[in-house]
Amino acid sequence: MFKWLLRVLRAICLGALLGFSALHAQTAAEIGLGLALESAEIARYSITVFPDGRNLPPGQGSVLQGAQLYQEKCAVCHGAKGIEGPAARLVGSDGFFSWRDPLRPLRIAKYPLLVLSVGASWPYATTLFDYIRRAMPRQTPKTLSDDEVYALTAYLLQRNGLVDADAVMDQQLLPQVVMPGLARTVNAWPPS
C-alpha cells in the first residue's frame, strides 16, 4: 500500500513539474505581457552610480559653486550649516558611533534626532552623489544638473573635512575620496 502511494505521489510531482516547465517555456509574446525595450530607453533609466565610480556622468563642480547652491536649494531643509535640520544632518562627526568625541553629549542634547551625519555614516562619496542626483531637492527631485550635483557633493565633502576648500569633483576624483563610514561597511558589490 505504501509503495503504491509513493508511486502516485511521484507521478503527481512529475506531472506538475512538466506542466510548470511547459508553462514557463511560453514566450512573452505568447502570453501577451510586456514590451521589449530599446537599449536607448534602458540607458535612460540605468543611472545607478556604483561605489567604485562606475556610471558617474561627465561633469565637474567646485566647493565654492556647491556652497552657493547649498544656500539656494538645501539650507531650507538641512539648515545653514548642515546641522540644524529639520531634515537629516549633513555635517558632523560620528555621533553614536564615536564614544571618544568630547562634544558628543552636547551635540546630542542640542540636536537629539540628528546625531549621525552623511560625512560620518556614508561609506562612499559616489553613493552621496547618486543619492543627491536621484532624490534632491526633496520637492523637485532629479532637477539638478550633473555639474550641480558634483558641486553639492564637493561642498558637503569639504564641510565634513574630507576634501580641501579648493577641491573640484569630477568622475576621476570623486571615487578617490575615502569616507569615514567605509571602515564600518561591508562591500556587497561584485568587482567590476
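Contact here means heavy atoms within 4.5 Å, and buried means under 20% relative accessible area, with exposed over 50% and partly exposed in between (1.4 Å probe, protein chains only). With those in hand, here's a look at what covers helix α9: the cover over its buried residues includes β1 (60-62), α4 (63-73), α8 (125-135) and β2 (168-170). Keep in mind that this is a predicted model, where local features need pLDDT of at least 70, side-chain atom pairs count only at pLDDT 80 or more, and totals for chains, interfaces and linings use all residues. Residues are numbered from 1 along each chain as its sequence is written, and side-chain values use heavy atoms, with hydrogens and water left out.

**The chain overall**

- The protein chain has 9 helices and 2 strands; these are DSSP runs numbered from the N terminus, with helices being H or I of at least four residues and strands E of at least two.
- Reading from the N terminus, the order is α-α-α-β-α-α-α-α-α-α-β.
- Of its 192 residues, 33% count as buried.
- Take the contacts between residues at least 6 apart in sequence: 62% of them join residues at least 24 apart.

**Helix α9**

- α9 covers residues 146-159, which is 14 residues, and spans 20 Å from first C-alpha to last.
- That is close to the 20 Å expected at 1.5 Å a residue, where the expected span is 1.5 Å times one less than the number of residues.
- Its buried residues are Val149, Tyr150, Ala151, Leu152, Thr153, Ala154, Tyr155, Leu156 and Leu157.
- After the helix comes Gly161, with a positive phi near 75 degrees.
- Asp147 also sits in α9, and it counts as partly exposed because its relative accessibility is 40%.
- Leaving aside neighbours within four places in sequence, Asp147 is in contact with Gly59, Gln60 and Gly61.
- Asp147 and Gly59 are 88 residues apart along the chain, yet their C-alpha atoms are separated by 5.2 Å.

**Helix α4**

- In α4, the buried residues are Val63, Gly66, Leu69 and Tyr70.
- They're on the same side of α4, because they cover an arc of only 115 degrees around the axis; the arc is that of the directions from the helix axis to the C-beta atoms.
- These buried residues pack against β1, α5 (75-78) and α9.
- Exposed Leu64 and Glu72 are on the face of α4 turned away from its buried side.

**The largest pocket**

- The largest pocket has a volume of about 390 Å³.
- Of the 24 residues lining that pocket, His78, Ala88, Leu90, Tyr131 and Met136 are the closest to its centre.
- A pocket here is an open set of points on a 1 Å grid over the protein atoms alone, where a 1.4 Å probe fits, with protein on both sides within 12 Å along at least five of seven lines; lining residues have an atom within 4 Å of a point.
- α4, α5, α7 (118-121), α8 and α9 each supply at least two lining residues, and α8 gives the most, with 3.
- By class, the lining has 17 nonpolar, 4 polar and 3 charged residues.

**His78**

- His78 is in helix α5 and counts as buried because its relative accessibility is 10%.
- Not counting residues up to four places away in sequence, His78 touches Tyr70, Ile83, Glu84, Gly85, Ala87, Ala88, Leu90 and Met136.

Note on methods: Points joined across faces, edges and corners; volume = space filled by probe spheres on them. Nonpolar A, V, L, I, M, F, W, Y, C, P; charged D, E, K, R; others polar.
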